[in-house]
Amino acid sequence: MSKSARLAVIGAGPAGLSAATLAAELGLDVVLIDEQASPGGQIYRALAEAPAKRIDLLGDDYRRGRALLRALHTSGAEYWPDTSVWSLDQNRTLGILRAGRAAMLQFEQVIIAGGAMERPVPFPGWTLPGVMNLGAAQILLKSAGVVPAGGTVIAGVGPLLLLVARQYLRAGVAVKAVLEISPRSNMLRAAPHLLRATAGGSYLRRGVKYTADIMRAGVPIHYGVSRLRAHGDRHIESVEFASHGWRGRCDRMLATDSLLVHFGVTPRTSLVCAAGGRLAWDTSLQCWRTQVDQWGNTSVDGIAVAGDAAGIGGAISAEHSGRLAALAAASSLGHITAAERDRLSHADIAWRRKDLRIRPFLNALYRIPPEFLVPDDATIVCRCEEITAGQIRAAVREGHTDPNQVKFLLRCGMGPCQGRQCASSVAHIVSATRQIPAAACAPFRVRPPISPLSIEQLAELSMADE
Amino acid sequence: MTNATAKIFDTVIVGGGLMGSSTALQLALAGQRVVVLEKDHPGRHASGSNAGGLRRLNRHPAEIPLAVAAAEMWRNIAALVDSDCDVKLCGQVRVAESTADLEMLQKRVALVRSLGYEHEQLIDRDQLYRLVPTLAPHCLGALYAAGDGFARPYHTLTAFRRKAESLGVVFHSGHRVQALEQLAAGWRVVTEHGGFTGRTLVNAAGAWADRICALLDEPVPMTVGAPMMMVTERLPHFLDLVVGAASRMLSFKQMQNGTVLIGGAHLAAHDMAHETTAIDFTKLRESARTVRALFPHMKSVRIVRAWAGLEAFMPDRLPVISESARAPGVFHAFGFSAHGFQLAPIIGRILAEHITGRPGPLRLEAFRIERFNTTNAIAESQ
Ligand SMILES: Cc1cc2nc3c(=O)[nH]c(=O)nc-3n(C[C@H](O)[C@H](O)[C@H](O)COP(=O)(O)OP(=O)(O)OC[C@H]3O[C@@H](n4cnc5c(N)ncnc54)[C@H](O)[C@@H]3O)c2cc1C
Ligand SMILES: Cc1cc2nc3c(=O)[nH]c(=O)nc-3n(C[C@H](O)[C@H](O)[C@H](O)COP(=O)(O)OP(=O)(O)OC[C@H]3O[C@@H](n4cnc5c(N)ncnc54)[C@H](O)[C@@H]3O)c2cc1C
């Protein structure tokens with residue numbers, strides 16, 4: 001553990017796996033670090049151990065993941081599972097935690113491939129037990145085969161709703177309804193991007209097929225859902241919503257003890273922020289992402305970001321961007337020349353460009369409507385500190401005009417989640433209240449540790465030079 | 001009213017921290033028209049990120065009269081700013097872990113008594129454990145100040161700002177003072193958003209105060225440090241007092257919401273070009289070891305956040321509270337060396353008294369800028 005490698009890759013999803021593999025193949029001394037017990041990241045989670053039957057259930061994706069794992073094993077990269085990174089500074093010193101022991105290690109190059117997280121979208125009742133993120137539910141399915149016993153309602157936005165609904169149906173779970181919140185007007189926004197999107201490959205065909213499968217199973221899919229609300233006393237008992245069909249609005253109520261929600265994914269930015277890297281507001285993704293160049297280099301020397309952590313591109317793009325970041329790191333460390341880097345990168349740049357063509361279409365189609373971005377006064381926005389949207393609005397009106405001031409005053413964003421859950425909601429509320437673009441707000445300053453560390457672990461912290 | 005007249009004030013204050021805001025409030029109470037120019041936003045730096053400790057305990061003798069007067073104001077802070085600033089006057093202790101510590105504390109009590117003050121007293125082991133039952137069992141006694149405590153820094157700053165605003169003080173965020181021009185009677189203070197004119201200028205620029213001094217051709221041997229803090233997850237209530245130690249760097253308190261705030265004046269790395277700080281975990285490790293030694297039950301408690309704030313330090317760890325020795329109509333209040341929060345209410349009052357020509361009884365000799373034979377002191381610090 002005290003060995004100091006030259007390149008650290010954080011995250012063993014498709015981006016990190018391909019970055020570490022290529023870098024090791026190019027002769028770099030590489031450590032691949034991931035907090036999970038096995039490699040694969042979000043999409044190929046628990047791939048190595050999954051029984052053949054579950055792999056069947058989850059489809060072709062897993063086969064592609066297997067190939068990535070094989071390549072890693074033969075590349076010579078070192079791999080540290082069960083190791084979380086809790087801090088990163090501008091000198092590329094990593095704070096890691098492994099088997100309960102904390103250590104600081106410095107690297108010459110760092111590639112952050114920490115992936116995305118599900119976009120937190122506050123709505124009335126979202127903090128009730130029984131309301132869960134779809135991704136978290138999918139993790140239970142992928143890693144332990146656990147499903148909601150009494151059936152479920154799936155709500156939110158985007159292709160994952162359909163994907164997971166289909167996975168559940170195959171696993172014999174009663175899906176009571178799929179509630180898609182993106183309004184029909186999104187189709188108009190998305191239409192101009194459609195031409196490029198169809199050139200983008202198989203994504204759309206899959207979407208159409210999943211929809212057909214789900215409808216055939218008799219599961220109602222409601223489009224243009226608004227006024228989503230979870231009701232219940234100590235646990236969710238029902239979900240209320242309005243669906244907007246061609247014939248107008250219709251208010252509905254469904255009894256359910258499980259509501260799975262998903263509003264797309266947004267880049268995980270806390271490590272980059274901790275290191276002082278610059279973020280940019282992405283108006284198309286409606287959230288912050290890291291400012292990077294075509295290689296993934298951030299504003300901090302020697303720190304790059306690859307995969308969904310840099311901006312949402314999906315698993316295939318993640319592989320390409322991981323390889324591009326590895327090439328850049330190899331050239332920075334003098335293992336290859338800049339000319340070699342450029343030559344070796346042609347294919348990845350071209351493939352990635354092709355793969356990303358669908359994104360403007362998807363971002364427009366699955367754009368979150370304002371109703372969901374800017375919740376009403378009574379809705380809790382910061383779960384850690386139980387701060388409502390109304391309190392945030394009041395703070396802005398009192399002259400705390402920037403998200404960091406709101407944070408100072410209300411403590412929203414100061415809880416154990418470090419603002420991951422409320423950062424973009426606070427920005428949206430501030431921008432709506434002040435009637436300025438969200439891009440004009442400053443992101444929360446991130447304070448390490450980005451994941452909690454105990455007093456004992458800090459007291460026993462070991463340093464690279466000890 | 002034209003723009004030009006809108007920018008003419010009695011006093012222009014550089015810095016929207018607690019010193020600037022408190023001074024602005026007192027001047028407004030005295031009837032002045034005041035503008036506060038802040039390059040970021042009020043409370044962005046030390047005043048919004050400090051530990052909130054209200055401590056007379058173990059102050060430098062020269063500061064005791066100020067701290068005692070400030071404590072008087074804190075006791076009734078709502079009368080001044082219409083908010084209680086979440087003040088909790090729960091007492092502070094400084095524990096002795098050895099007989100050497102105990103002797104040191106005894107000397108301290110004798111010194112404070114000889115100056116005529118009663119706020120610090122020695123307590124024995126039994127009294128200490130009655131006050132802090134969860135303390136590790138090896139401590140021998142403590143120095144105790146019953147009326148000390150803490151407040152919430154950003155709330156305090158906001159209360160001072162809002163009260164000042166209600167009395168007509170203008171705060172400008174995002175206004176960095178770049179140049180100072182001396183006029184026949186007063187100063188023109190230049191920002192990227194234009195100039196502001198005042199008869200009097202107050203330098204309350206915190207960790208940047210030496211730059212304002214440089215603009216006035218009045219160099220000072222000030223340095224910048226970034227004290228670090230960390231905070232834990234919420235815990236059930238176990239501690240009322242603020243706890244420090246005689247021979248360790250520690251400040252330890254449980255906040256109203258159950259989190260535990262841990263400081264100890266260990267310094268982070270900082271970068272004045274970008275105005276950023278970077279946590280030094282080697283030094284925070286010392287704080288964690290101190291906590292583990294004094295509160296062993298905290299071992300498995302999780303730290304959720306660590307941060308640091310930029311603060312101005314003077315070589316003698318005493319602030320500069322002084323009329324400028326070179327520039328007429330300029331007053332300085334900076335260099336609080338990581339213990340200015342508690343003093344802020346009285347600093348505002350003192351400066352306002354001096355600016356309006358009605359100085360009160362508190363003596364400021366120890367804080368004069370002339371105490372640094374400037375050229376020598378700067379040569380020494382290099
Ligand atoms: C909840 C969720 C469900 C998804 N489901 C699907 C799906 O079913 N099908 C699909 O095509 N796409 C899905 N996606 C999108 C897909 O996961 C991504 O496009 C793809 O995985 C991106 O790859 P990546 O390498 O960038 O990141 P990821 O695959 O997310 O890998 C990131 C890895 O970094 C690790 N990591 C992050 N931070 C740290 C840290 N501080 N310390 C140590 N390790 C760290 C994580 O544990 C993770 O293993 C999903 C995304 C999410 C968030
Ligand atoms: C981590 C930490 C813990 C502390 N704990 C305690 C404690 O427990 N008890 C205690 O009594 N004290 C404590 N202190 C000290 C206390 O916070 C400071 O002494 C006090 O806040 C100083 O206030 P100030 O207004 O002088 O400085 P600041 O709050 O730094 O305000 C100065 C302001 O001036 C602005 N400025 C600077 N240059 C310019 C310019 N050119 N133009 C415009 N604006 C400018 C800055 O942006 C800044 O906002 C602590 C300090 C820190 C950092």
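Reader: How many residue pairs are in polar contact across the interface of domain 1 of chain B and domain 2 of chain B, and what makes a pair count?
Author: The rule finds four residue pairs there, both residues of each at pLDDT 80 or more. A polar contact is a pair of N or O atoms within 3.5 Å; within protein, one atom must be able to donate a hydrogen and the other to accept it, and residues adjacent in sequence count only if both atoms are side-chain atoms. This is a predicted model, in which local features need pLDDT of at least 70, side-chain atom pairs count only at pLDDT 80 or more, and totals for chains, interfaces and linings use all residues. Residues are numbered from 1 along each chain as its sequence is written, chains are lettered from A and ligands numbered from 1 in the order in which they are written, and side-chain values use heavy atoms, with hydrogens and water left out.

Reader: What makes Lys39(B) and Glu275(B) a salt bridge?
Author: A salt bridge needs a side-chain nitrogen of Lys or Arg within 4 Å of a carboxyl oxygen of Asp or Glu. The closest N and O atoms of Lys39(B) and Glu275(B) are 2.9 Å apart, so the pair qualifies. Between domain 1 of chain B and domain 2 of chain B the count is two salt bridges. By class, the side of domain 1 of chain B that touches domain 2 of chain B has three nonpolar, two polar and five charged residues. Here Ala, Val, Leu, Ile, Met, Phe, Trp, Tyr, Cys and Pro count as nonpolar, Asp, Glu, Lys and Arg as charged, and the others, Gly among them, as polar.

Reader: Where do the two domains of chain B run?
Author: Domain 1 of chain B takes 3-49 + 154-221 + 316-381, and domain 2 takes 92-146 + 227-308. Such bounds come from an automatic or database domain assignment. The C-alpha centres of the two domains lie 31 Å apart. Their contact (heavy atoms within 4.5 Å) takes 10 residues from domain 1 of chain B and five from domain 2 of chain B.

Reader: What area do domain 1 of chain B and domain 2 of chain B bury between them?
Author: About 510 Å², with 46% of it on carbon and sulfur atoms. Buried area is the accessible area (1.4 Å probe) that two parts lose on being put together, summed over both. On the domain 1 side of chain B, Ser49(B), Trp208(B) and Arg211(B) lose the most area to domain 2, together 58% of what that side buries.

Reader: Which domains does chain A have, and what lies between domain 1 and domain 3?
Author: The assignment gives domain 1 (7-117 + 266-336), domain 2 (131-263) and domain 3 (374-440). Domain 1 of chain A and domain 3 of chain A bury about 570 Å², of which carbon and sulfur atoms give 74%. Met117(A), Trp281(A) and Trp288(A) supply 73% of the area that domain 1 of chain A buries against domain 3, more than any other three residues. Across this interface the rule finds zero salt bridges, and the count of residue pairs in polar contact is one. The side of domain 1 of chain A that touches domain 3 of chain A has three nonpolar, two polar and no charged residues.

Reader: Why is the pair Arg162(B) and Glu398(A) called a salt bridge?
Author: Their side chains meet at 3.9 Å, N to O, and the rule asks for a distance within 4 Å, so the pair counts. Across the interface of chain B and chain A there are four salt bridges and 16 residue pairs in polar contact. The contact takes 34 residues from chain B and 31 from chain A, and the buried area is about 3,100 Å², 57% of it from carbon and sulfur atoms.

Reader: How do you know that Ser47(B) makes a polar contact with ligand 2?
Author: An N or O atom in the side chain of Ser47(B) is 2.5 Å from an oxygen atom of ligand 2, which is within the cut-off, so the contact stands. A polar backbone atom of Gly340(B) is 3.0 Å from an oxygen atom of ligand 2. Taken alone, ligand 2 exposes 1,000 Å², and the protein buries 95% of that; such areas come from the Shrake-Rupley method with a 1.4 Å probe, and for residues only the protein chains shown count as cover.

Reader: And which atom of Asp308(A) meets ligand 1?
Author: An N or O atom in the side chain of Asp308(A) is 2.8 Å from an oxygen atom of ligand 1. Of the 980 Å² that ligand 1 exposes when taken alone, the protein buries 91%.
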